[in-house]
Every structure is written in structure tokens, then in C-alpha cells.
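Hi,

Here is the structure I promised to pass on. Have a look, and then read my notes below.

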Amino acid sequence: MIDRDTYPLWNSPSMSAYLTTLSHENMLVEGRGVRVRDAAGRWFLDARSGLWNVTLGYDHPRVTEAVERQLRTLPFANLVGYGRPGAIAVEAAEALLPHLPVHMNKIRYCSNGSQAVETAVLLSRFLHHSRGDRERLAVFGMWRGYHGLGSGAGAVTGMSYVHDQSGPLLPEVHHVAGPFEGEGEGEGADTSGQGLEQTITAYGPERVAAVVLELVVGEGGHVLSDAYLHSLERFCRGHGIHLIVDEVSTGMGRTGAFTRTEQVGIRPDMLTLGKGLSSGYAPLSAVVLSDEISALLFDLDFEQKFLVGSTNDGHPLGLAASMAVIDTLADGEVLENVEAMGALLRDGLVEMAARHPHVAAVRGTGLMQAVEMAVTEDGPTAGGAVADHLRLALEERGVLVSSLAMVPAVMFIPPLVVTASDVEEIVTTLDKALADIRY
């Protein structure tokens, strides 16, 4: 246990509880491949990729060398003002665009995923206002959807505790249950998108600026169906509502392609990227604009300025890492590995779940898989506590995973470069950890 008076950080939602479990020995000091080492010398298989972002592992030579080279060449340039962006920003955008949906042609680099979402939402409102449509303020999201924290992204995030913790956030943001709520994802589930569409219809589509959603809902691993997404796209386009797809977590290889958007074949107005964009080696995110949106923005009068940005947007070190990530993914080997290891992981989790009646569901796609536990009404794992118990049991056995806030589940999101032996270790360790959980 660490003394609260001498600990210099504020890095947990509940510091009093956090410091009862933290020690100097369990702080991380080194990373190699898909593993990290703590100060006590113990190595862990990082099946959560840092915070879902260390997609190529901790010492990828191409990424490391690119960052080191940029550090010696031009360690900083500004994308916000003065009209002199770093040339690497243009090079990075030109390298990325060929791998994105063909109707998307302009990129705005930001510093993190929350900022990218906020930028996209505010740009949507701005463009509606610039055309005199000032009634279009409302933004719709999905309950359980995670889009970041803060006054803007936190408002779009579909978790009530985020909305309640500090008072009012960005106004005119609304949430609707996803197609997986209630009836689940099987026969009878809403795959048409009508729940969201009906809610917006009742609210008044002419008052709605944008819909923001993840294609794989991170809070539970729910994979939105192609039918649901295509129906929603048609609805938004028919009513002049901007469709903003948040691929901060799923983009850059997580589901076996550069974007999940391209896998399902929809045409969003804006797309956000982050996390794997730089493999976590330096902060970086992006907002990608469709042809239609960029044309509206670039054709505005000089007086119609959209002021957005911060000092470190499109930082050269992040851009250098991004170009190395793009090069690494471009030959297809890593993406093929995601498909193969994702299928191996899912098959292993499903087979393992059959031996444990307290596993309620396994779902996800690619190397983004959730294992949800049944909830009990009493005992040491009552309610959502079961996910934390399971996470700690896995950690004790040498595998790091994420537990979720609203769903009694753990997420397996290992680096894209995991091997079959790594996957076997993950599944075997989960099997043993589940035996440790007392219901």
C-alpha cells in the first residue's frame, strides 16, 4: 500500500480505493513484444494492448526507428496556426488516405480520440449553421457507446455515470438503446436500425445535426450488423443528418482491415481514428472527412471560420509513428494475422465458455473479443463485481485484460502481432482464472 501523502499522482477515479492496492513493485517499467514487465521483475502478456492502442507491440523496430528519426529531424511543428504545417503531416495524410474509404479525402489530425469526436460533432453543427440551418443542434448516440471523456466526448459517450459526475456537459446530446439491448443479438433482435430511426423521427429529424456510433460497441463487444448500419446510413442521408463513425478503437487493423467501415461498406460523413493510428508510441488521432463534407468546409466564405485545435495536434512524432504503422499494415501480413488469430481466439473462448456455465456470452470480431459473465444477486461477485474479480484473477496468472464499467465483462484486445502460442496462453489462463472465481 502506498502512502497517499507521498504519492505524487492523481490517476484514478477513486484514489482512496486505488492506493490500497497499488505498490511500487507493480508499476510497469518495460515492454517487449506483446509483454510488459513490472518493477518487481514479473512479465505479463498484455491482452489489452496498453489501453487498446499498442497495436504493434512495445518494441516494433519500424515504428521505433521512425520516431527516433523524426525526433532528430523536426521534433515539433504546429497544425493550428501560422500557415506552416510540418511537411510530415501532408506525407502522413497522403500515406493514409489510399487505405480509407474512397469517398473520404481530407484529414484533420488531433491529439486524442476524445478530441477527434468533439471536433467531428462541433464541425457537424458548424456546417449546418453555416447554411442557415441553426435549428440542427441535436446529436444522437447509443447507450454503452464509448466516445471518450470530457465536456463534449463525455456527453456523446452513452454511460450515465459520466453525464452525472460533474453536472451539465455538451447540451442537446441524446442516447438510444442499441439493437443488442433487451432481446440480444439473436433472432428477434432489431437489425434494421429502426429503434434509433424511430426515436429521431419522433424527435424531429430537421433538428438533428449528427448521429455518432461505434461499429463494434466497445462496452461489451457488440458487433452492429451490416443491415442495421446500412439502414441507418440511408435514414441519415435521407434526412440530411451527418453520420459520424467512431473508429478510434476499431480502426487501423483491429478488426482485420484498416477500417471496419470499409468491411461493412457504409459511407459515413466523418470518420474518427486514434489508438492504433500511432500504435500508442505518441499521441495522435484524426478526423477524416467525406468528399461532400470537405467541399462544404472548403467552399465557405473567409468570414465563416471554424476555430478548433490545440498545440500538439498532429505532433510530428505521432505522425512519424503513424507512417510506420501504415507501412507495416500495408503489405497485408499483420491484417491476415488479425483474421487468423482473431478466429483462433474466438474459437478458443467459445470452447472454453462451454465448460463454464457462468459465462453468459462471447462476442466480438477480429482481435476484439468480450467475455460476459452471468450476474448473481449475492456473494462476492454480485453485480458487476465479477468482471473485476476475473480481471484480477487473470492478472495474478500473468495476463492483463480490461474490465468494463457498465457490463460484467472483460475484453481481450491483444496486439495485432500475437501468435498462436500467445492466444493459447490467453485462453488457457482464462480457463484457470474462471475456476478461481467463487459464485
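Let's start with a strand: which residues point one way from β14, and which the other way? M368, A370 and E372 are on one side, Q369, V371 and M373 are on the other, and all are buried. (Buried means under 20% relative accessible area, exposed means over 50%, and partly exposed is in between, with a 1.4 Å probe and protein chains only.) In a regular strand, side chains alternate between the two faces of the sheet. Six of the six residues of β14 (residues 368-373) are buried, so the strand is largely enclosed by the rest of the structure.

Before going on, a word on the source: this is a predicted model, in which local features need pLDDT of at least 70 and side-chain atom pairs count only at pLDDT 80 or more, while totals for chains, interfaces and linings use all residues. Residues are numbered from 1 along each chain as its sequence is written, and side-chain values use heavy atoms, with hydrogens and water left out. Helices (H or I, at least four residues) and strands (E, at least two) are DSSP runs, numbered from the N terminus.

Now for the neighbours of β14. Strands pair if DSSP finds at least two bridges between them. Strand β13 (residues 359-365) runs antiparallel to β14, and six bridges join them; G364 has Q369 as its bridge partner in β14. The hairpin of β13 and β14 has two residues between the strands, and G366 there takes a positive phi near 55°. β14 also pairs with strand β17 (residues 409-412), again in the antiparallel sense, over four bridges. In that pairing, V371 stands opposite V410.

On to charges. There are 14 salt bridges in the structure, a salt bridge being a side-chain nitrogen of Lys or Arg within 4 Å of a carboxyl oxygen of Asp or Glu. One of them joins R237 to E233, with the closest N and O atoms 3.5 Å apart. These two are four residues apart in helix α9 (residues 226-238), so about one helical turn separates them. R237 is partly exposed at 41% relative accessibility, whereas E233 is buried at 11%. Elsewhere, salt bridges that share partners join E30, R32 and R37 into one network. E30 meets R32 at 3.6 Å, N to O, and R37 at 2.7 Å, N to O.

Last, cysteines: the structure holds zero disulfides (pairs of cysteine sulfur atoms within 2.5 Å). C110 is buried, with a relative accessible area of 1%, and C236 is buried with 1%.

Cheers
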